[in-house]
Amino acid sequence: MTAASLVSQLVDTFKAEARIVIVGASLAGLRAAEALRDRGFRGQLTIIGDEPHEPYDRPPLSKQVLKGWVPADHTKLPRLRPVDAHWRLGVAAVGLDRSNRQVLLANGEKVDYDRLLIATGTRARPWFNPQEAALQGLFTVRTCDDAAKLAAALKQRPRRVLIVGSGFVGSEIASVCRDLDLAVTVAERGKAPLVGALGGVIGDIAAQMQLDAGVDLRTGVAVSGLDGDAAGHVRAARLSDGTVLEVDVVVASLGSIRNVEWLEGAQLASGFWGVACDAGCRAFDINGVVTDNIFVAGDVARAPHVLYEYEFMSQEHWDNAVFGAEVAANNMISLELGRRPHLPLPSFWSGQFGVNIKSVGVCSFGDEIVFTQGSVEKRRFAAAYGYRGRIVGAVTFDHGKWLPYYAKLIEQSAPFPPPAPGYDRPVIFEPMPARFPDPKEPTAMPDVVLTGHDPTSRGAEFRPPRT
């Protein structure tokens, strides 16, 4: 038997007999399971999820569901093919025993694996005061249950809705409230909406969009506390500038927390920004040594990216979850020469206040911006972001057909300012500071994070391996 045929036989045996466990019954988890079956994996496949629901789509939750167009329980993700998996829904993973290759569950059970995919994603950051968090009328929007409860509350026509935070989700919910003709106040600790992801120049435009739509936008203020009535329902919010607002519904849009607590003690490189992995989705241990049987995909993953100086990148984007899951699935059942890298060019879209906002690349990596097409006044334009003389990102307002053009420039590390497509050029074509906030500023978290550490810490710790 030749070496090549022996290797092929070993791979085929693994595909037939191995046990693969996916922790996270999410978009990434489902697409990874489908990709495994597509690539010939015939072994035992287990999918663990802490929610009782089968995988569902999250983007509609802050848009169509809240408007009442789609029931929250009608957002189930389509199945691209049968996965023949053992589903463990409604039970959370609470620990990882790497020595025995076991996932520990909240009900005391242990699930054995030969390969493990971590796809536990993120959860909404809770209200900072536990007593106030128990008030009726206070919501977050991350799960389909969250969206269903908020949609029901909005249907009751509250006198005023307060949204705390003006990232994409908070801004989309504010837009829905105005579409429903509800009075809405947005409280943002930063200088403008969307500044974490798109910078202050675009943030000023987003702010004007909210004001024009009738949003009571208040920037540079925080919510100090909430007050409830005798029945335990929120009735007032106290702001840091001394203002007291009468409100019936409060939506906490305070960013997300990556679900990594269950990995405590596993000695993986997991922390505030997620689980570190290489470009092939293989997890690193605490000292930066790549593992052979643990992989990461989706919102919880952070990996180095060649276009962004190999900084570790975390992405909370739909495409990242899908394509990362496919790469992880391929690499879990492939030997070295069959493995592929996951080097996505981030992209996202957001519909708010009648405008379709789309972006490609990592805008927050840049320090300059230039409007390249269209009209800012008409809110129909394209803008590019630059860093050290090259284009690193682009955003469009109702001009999304041009995104593939900018994506190609970014992938080629084209010069900044980029060449205009040939027409629709704005009157002013001069780069200006993009005005991204300092990472330590108290504002909404960006959707793409380029860092390998907590931005408030500059320390590191070496941990010797266990004996």
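Which strands does helix H2 (residues 27–38) lie across? The legends below begin with that view; the model is predicted.

**View 1. Helix H2 on its sheet.** Helix H2, residues 27–38, lies across E1, E2, E3 and strand E7 (115–118). The helix runs at about 160° to E1. The strands belong to an open sheet of six, ordered E3-E2-E1-E7-E21-E20. Pairing in this sheet is mixed. Strand E3 (86–89) and strand E20 (282–284) form the edges, each pairing on one side only. From one strand to the next, the twist averages 30°.

**View 2. The pairing of E1 with E2.** Strand E1 covers residues 19–23, and strand E2 covers residues 44–49. The two strands pair in the parallel sense. Five bridges link E1 and E2.

**View 3. Helix H2 packed on helix H8.** H2 packs with helix H8 (residues 318–332) at an angle of about 35°. The axes of H2 and H8 are 8 Å apart. Their crossing is right-handed. H2 contributes Leu-27, Ala-28, Arg-31, Ala-32, Ala-35 and Leu-36 to the contact. From H8 come Trp-318, Ala-321, Val-322, Ala-325, Glu-326 and Ala-329. By class, the residues of this contact are ten nonpolar, two charged and no polar.

**View 4. Asp-57 and its neighbours.** Asp-57 sits in the loop between E2 and helix H3 (64–67). Leaving out residues up to four places away in sequence, Asp-57 touches Thr-75, Leu-77 and Trp-318. Of these, Trp-318 is also among the H8 residues in the contact with H2. Leu-77 is 20 residues from Asp-57 along the chain. The C-alpha atoms of Asp-57 and Leu-77 are separated by 5.6 Å.

View 5. Strand E4 spans residues 93–97, and strand E5 spans residues 102–105. They pair in the antiparallel sense over four bridges. Asp-97 has Gln-102 of E5 as its bridge partner. Four residues lie between the strands of this hairpin. Arg-101 takes a positive phi near 50°.

**View 6. The five-stranded sheet.** This open sheet has the order E9-E16-E10-E11-E12. Its pairing is parallel. At the edges are strand E9 (138–139) and strand E12 (216–219), each pairing on one side only. Strand E10 (residues 161–164) and strand E11 (residues 184–188) run parallel, joined by four bridges. Val-164 stands opposite Ala-187 in E11.

View 7. The domain assignment places domain 2 at 136–254 and domain 3 at 354–433. Domain 1 is assigned in three segments, 10–62, 75–123 and 257–338. Taken over C-alpha atoms, the centres of domain 2 and domain 3 are 29 Å apart. Ten residues of domain 2 are in contact with 15 residues of domain 3. About 960 Å² is buried between the two domains. Carbon and sulfur atoms give 76% of that area. Which residues of domain 2 lose the most area to domain 3? They are Leu-198, Val-201 and Met-209. Together these residues account for 48% of what the domain 2 side buries.

Terms used. Residues numbered from 1 in each chain as written. Predicted model: local features only at pLDDT ≥ 70, side-chain atom pairs only at ≥ 80, totals over all residues. Heavy atoms only, no water. Pairing = 2+ DSSP bridges. Axes fitted to C-alpha atoms, helices over the stretch in contact; angles between N-to-C directions. Contact = heavy atoms within 4.5 Å. Left-handed = near helix turned anticlockwise from the far one by under 90°. Nonpolar A, V, L, I, M, F, W, Y, C, P; charged D, E, K, R; others polar. Domains from an automatic or database assignment. Buried area = accessible area lost by both parts, 1.4 Å probe.
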